[in-house]
Amino acid sequence: MGVMKAGKKMDYKDRFGKLLPVVNSVFDFPFIARMVLGPDWQKIDKLQQRRFIDLLGRLSASSYAKQFDSYSSGEKFTFKGLRSVGGTHFAQYVFEVGNGQAVHFDYEMLEKGGRWRIANVIVDGVSDLALKRGQYRQLFAKRGYTGLVAWIKREIAENAHKSM
């Protein structure tokens, strides 16, 4: 919220710099990377896996940095509770926009080594992990690892460009 509240007072690069370490600490990008690539995960070597995990963090931070360029005083992000479904745990939040609209977030959480991290974000019932899985597997099938990485790098660059 601090970055969002700063809005245009911070440029994209500063927002990205503030958000990247936070995003990397709260999301389980190694898990997310394995899930979005599925069987293709085993087709890339360890160095490519580490680079892909890093790129997912950078893509997420760039997306937030692009989106968090403004704030209106009526916006708030409220914790609504925890729920478990079949051993899967969710932290539920609502983002209330100043015009009265509400966006519902369910953060699917995984515990590893005593730390809870986000494995998936479900926004108004739509799973980010499922969307990325379909998109990334299709890109990998058509363009291979190198083509997928190039596409993600272009997305990161476009996020930076669109927020200027």
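Predicted model: local features only at pLDDT ≥ 70, side-chain atom pairs only at ≥ 80, totals over all residues.

How many salt bridges does the count come to? Taking a side-chain nitrogen of Lys or Arg within 4 Å of a carboxyl oxygen of Asp or Glu as the rule, the count comes to four salt bridges. One of them joins D28 to K112, with 2.9 Å between the closest N and O atoms. Because D28 lies in the loop between α2 (12–26) and α3 (29–37), while K112 belongs to strand β3 (residues 102–112), this pair ties together parts that are 84 residues apart in sequence.

From there the reader may turn to the largest pocket, whose volume is about 1300 Å³. It is lined by 46 residues, of which F27, Y64, F105, Y107 and V121 are the closest to its centre. Helix α5 (residues 128–162) gives the most to this lining, contributing nine residues.

On the surface, a patch of positive charge is formed where K46, R50, R51 and K153 gather. Helix α4 (residues 46–67) gives the most to this positive patch, with three residues, and R51 is a residue that lies in helix α4.

Terms used. Residues numbered from 1 in each chain as written. Heavy atoms only, no water. Patch = residues over 30% accessible without salt bridge, like charges linked within 9 Å, V, L, I, M, F, W, Y side chains within 5 Å. Areas by Shrake-Rupley, 256 points an atom, 1.4 Å probe, with all protein chains shown as cover. Lys, Arg positive; Asp, Glu negative; His and termini not counted. Charge placed at Lys NZ, Arg CZ, Asp CG, Glu CD. Helix = DSSP H or I, 4+ residues; strand = E, 2+ residues; numbered from the N terminus. 1 Å grid on protein atoms, 1.4 Å probe; cavity = no way out; pocket = protein on both sides within 12 Å on 5 of 7 lines; lining within 4 Å. Points joined across faces, edges and corners; volume = space filled by probe spheres on them.
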